[in-house]
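Thanks for coming, everyone. I'll keep this short. Please have a look at the structure on the screen.

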Amino acid sequence: MKALKLIGPGKIQIQEVPVPEIGPDEVLIKVVGAGLCHSDLHILHQGQDWPFFGTTMGHETAGHIESLGTHVTDFAVGDPVLVHAVWACGQCRPCSVGRENACSVNGSRNQFPLTPGIGADGGMAEYIKARAKHVDRLGAVDVVTAAPLADAGLTPMHAIRSVRDLLLDDSTVVVIGIGGLGHIALQILRATSRCRIIAVDIDEARLAAARRNGADQVLHAGSDAVRTILAESDNYGVDVVLDFVGAQSTIDFATGVVAPEGAIRIVGLAGGSFPFNASLEGEVLPWGVNVQRSYGGTPADQAEVLALVAEQRVNVDVVKYPLAEAQRAFDDLEAGRISGRAILVP
Ligand SMILES: [Zn+2]
Ligand SMILES: [Zn+2]
């Protein structure tokens, strides 16, 4: 079969490899689509000491069950399925209380849990194998556009669920970065809350997409946008900021508009930072602000995303590329030419 391998710093290649052989608790899935994520670009640009060269890329995968391991009883050949992006053990202390994204067996203090495309072969291939417990049946959800739900749906859902007590009817939430994750975050917020939603981006086309996806107000990023948000809130700030970029400029934006006792969720990985001073003066954050470095999500988050999509309250905006043209898709994502989510189709 064909598979997209990460072969070295900055280098991907389609290779001919054997179809994976499955164990008793695993399923083989014929891939229909594999989502392309900004974190794939981060992986692509790792240095020579990255431990996972040779891995098939792709942590967002949807397809049909092709064959079942001997112990697998809850799927049938042909079922449309979504492969989880977080391969937790399901049994350790964090997993047993619903914090599978902090699994202590398949992950560690400094390493997120095992992920297809990072350490295990991912979905940018004709077939992927996975433990049956890391697969969800799609039911009424369209398999062709489902792949991004494994991360671009899951990760915003997890971040949003973590701030749900702040999302009251008269709350305001700012969403920064209206790409693959951001456009789904807007729809989840619209579907699950009545708060006011402000979308921030540097790209006019993505701001137009933000309006279609439920934003009440869109602002072009920049110092005026911070001033606008503060002026509209009597200089108090907003309850929640979801930063799907994580660059210096967006983290400055988030810390610049968050209200006291508000929350910031930093999801994007673009290398920004902010100082924390445990002092009376000079701190960039208002009192009481809760900041989380949000990672992935849990099976409960995934189930909630799938339910919203099945009810057609969330839709993924996709652009399809043949797997053979993966390089073009990576280039387009890097150049900011993709609105919504790119899907590689084998
Ligand atoms: Zn991702
Ligand atoms: Zn675990």
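Let me start with a question: does Asn 235 count as buried or exposed? Asn 235 counts as exposed, because its relative accessibility is 59%. Find it in the loop between α7 (223-232) and β13 (238-243). Its backbone deserves a look too. Asn 235 is not a glycine, yet its phi is positive, about 70°.

One caution before we move on. This is a predicted model.

Glu 261 also has a positive phi, about 65°, and is not a glycine. Glu 261 sits in strand β14 (residues 258-266). Its relative accessibility is 57%, so Glu 261 counts as exposed.

Now the metals. Take the zinc ion (ligand 2). Which residues coordinate it? Cys 89, Cys 92, Cys 95 and Cys 103 do, each through SG. The distances run from 2.3 to 2.4 Å. The site is tetrahedral, with angles of 103 to 116° among the four donor atoms. For reference, the ideal angle for four tetrahedral donors is 109.5 degrees. Along the chain, the donors of this zinc ion (ligand 2) are spaced C-x2-C-x2-C-x7-C.

Next, the zinc ion (ligand 1). Its protein donors are Cys 37 (SG), His 59 (NE2) and Asp 151 (OD). They lie 1.8 to 2.2 Å from the ion. Here the spacing reads C-x21-H-x91-D. His 59 and Asp 151 are 92 residues apart, and this pair links distant parts of the chain. His 59 is in the loop between α1 (38-44) and β4 (60-68). Asp 151 is in the loop between α3 (143-146) and α4. His 59 has 5% relative accessibility, so it counts as buried. Asp 151 is buried as well, at 10%.

Last stop: a helix pair. Helix α4 (residues 154-161) packs with helix α5 (residues 180-192) at an angle of about 45°, the axes 8 Å apart. That angle is why α4 counts as oblique to α5. The crossing is right-handed. Who meets whom? From α4 come Thr 155, Pro 156, Met 157 and Ile 160. They meet Leu 181, Ala 185, Ile 188 and Leu 189 in α5.

That's my tour. Over to you.

Methods:
Residues numbered from 1 in each chain as written. Chains lettered and ligands numbered in written order. Predicted model: local features only at pLDDT ≥ 70, side-chain atom pairs only at ≥ 80, totals over all residues. Heavy atoms only, no water. Donors = N, O, S within 2.8 Å, 3.2 Å for Na, K, Ca; no water. Tetrahedral: all angles 85-135°; square planar, octahedral: opposite > 155°, others 65-115°. Axes fitted to C-alpha atoms, helices over the stretch in contact; angles between N-to-C directions. Helix = DSSP H or I, 4+ residues; strand = E, 2+ residues; numbered from the N terminus. Parallel < 35°, antiparallel > 145°, perpendicular 65-115°, else oblique. Left-handed = near helix turned anticlockwise from the far one by under 90°. Contact = heavy atoms within 4.5 Å. Buried < 20%, exposed > 50% of the residue type's maximum accessible area, 1.4 Å probe, protein only.
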